[in-house]
Amino acid sequence: MTLSTSIARRHATALASCVRCGLCAEACHYYRATHEPRETPAYKVKLAGEVLRSPEPLDPARTAEWVDELFGRCSMCGRCMFHCTTGLNIPALVRGARTRLSAAGLVPADLQATVDTTLRTGNSMGITRDEWVETVRWLEDELRAETGDASARLPLDAHGAEFLYTVNPREAKFFPLSLLAVAAIFHAAGASWTLSSESFDLTNYGVFSGDDRAAAQSARRLREAMQQLGVRALVLGECGHGFNANRWRAPEWLHEDTPPRVVSILELVAGYLADARLNVDPSRNALLTTLHDPCNLVRLGGIVEEPRAILSAVVERWVEMAPNREQNLCCGGGGGQLGMAQYARRRLAAGRPKAEQIRATGATVVAAPCHNCIDQLGDLNKEYGLGVKVTTICELVAGALVWNN
Amino acid sequence: MDPRLKDGVRAHPVVLVAGVLLHAGIAASGLATLAAVTGAAWPNWLRIACAVLSATGAVSGLLLLVRRLREPVLQAISIADDYISNLLVVGVLIAAALLSIVPQAQPVLLLAWAVLAAYAPFGKIRHCVLFFVTRARFGAFIGARGVLVGRSRPS
């Protein structure tokens, strides 16, 4: 049985299993924000079923609604799956429908442009090799100044290192301090690591557009970089969908029987802390902090306790949101929403439940181990006047590091 | 996942109760039909219990049908199959409840089951089988990723 046949059967079974009880509605942040019947996950399942069952060519009279609903009103966060009476994998159905819409050239233009940029340049922001290398060198100088250690490095193309570290290109472009924080942690832990001058992007926008071929190409690129550099593991920076794609989805796309070792930076750092490889002082992060659980990392990824273990070690006081872990509310930034400007107002409206959840904690710092979430939470911070600082977890760890010199 | 933790159930607890009663009624009506067809001797209390459960199930099914007709969310997601399946199941439940009062209703009950069985492969009644497939896949999905490992209940 081919992969496409297998997936088609899974979709067919799932579609036939929906009893349309409507009890998924309250699980969805879009519905919670608006109480519009069309925001209900079951409605999206209904439309996904129309798309998946449609003969070729797709009915042009229906495509506008399909695109608007399945791209513009779903972040594929998977919360509905846990609340579904029959346990339908609703994000998989929505993505399956997006795959058909993608094949018909119906992906919203700016999301498609991001996919195309990745295929053309090797990263989703079109950063050139020179720009990337220059950024890394600048951060290396910063690291040396920060640690007072002239031997501190951000290794590039170091063959035989233990692992290859990859980032969300937003870090290179807008949030270089995130990469600096990780480099400081690696330096403090004495890690054997490297960056690649060519393949540094862990994001995978084919996941969102539904284009399996593009998704496979992005994932393959990192695997090939691992082989070229002779590293034993691929370490993924703080990015939810990148983790889901490279850890869980890539083996299927690439037909891997024995996938390489792919781990989240959070697993690595939690291990460093457990092994006492980092000397940290939590009093350096004295502000009340809360933790946002990125859907792709937690509910769909299984990285649940590691961020909690890290925060407990490096932050003086932190509180859980309610609900949390696999029950967390989506911030609204996933599913490619940040890459589709035409749905921006809707995205901000759908983030209201998350904003209320943050406000209820009373925290002034929100730790969010995902750069897409950070962008969305930053927007929610402004939209709803939350007055919080949004940060990665590694920045909190780096802020708590105590340098022996 | 504990149904009580589900947002939809918290918002609509009556729907959970009605759903459970509907399914209990279906099981009871199946038992009543089996006993009637095989001519098995069964205690009077069990016969009455099955009749009561079938009747309660029928009422629950009708309440769920009314809800489907009234709720905007359900109107948006419903298709013809939802009404057909509901009415076929309610038909069986009413016939099963009647059987305890009117033994001559057995042919009606068997006819109701036959129509239901003939329709089942084409509608959502398939979930009586597919529910287990979907649940198993859901369990495999989150189990492989370790989503619920090392934790108890959300705080």
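This is a predicted model: local features need pLDDT of at least 70, side-chain atom pairs count only at pLDDT 80 or more; totals for chains, interfaces and linings use all residues.
Local features need pLDDT of at least 70 and side-chain atom pairs count only at pLDDT 80 or more, while totals for chains, interfaces and linings use all residues. Residues are numbered from 1 along each chain as its sequence is written, chains are lettered from A and ligands numbered from 1 in the order in which they are written, and side-chain values use heavy atoms, without hydrogens and water.

The largest nonpolar core has 67 residues; such a core is a set of buried Ala, Val, Leu, Ile, Met, Phe, Trp, Tyr and Cys residues joined through side-chain atoms within 4.5 Å. Buried means under 20% relative accessible area, exposed over 50%, and partly exposed in between, with a 1.4 Å probe and protein chains only. A:Trp132, A:Phe163, A:Tyr165, A:Phe186 and A:Ile265 touch the most other members. Helix α10 (residues 176-189) of chain A gives the most to this core, eight residues; helices are DSSP runs (H or I, at least four residues), as are strands (E, at least two), numbered from the N terminus. Apart from this core lies another of 43 residues, including A:Val51 and A:Ala219.

For A:Asp157, phi is about 55°, and the residue is partly exposed at 29%.

A cis peptide bond joins A:Glu56 and A:Pro57, with omega about -10°. Another cis bond runs from A:Ala322 to A:Pro323, with omega near 0°.
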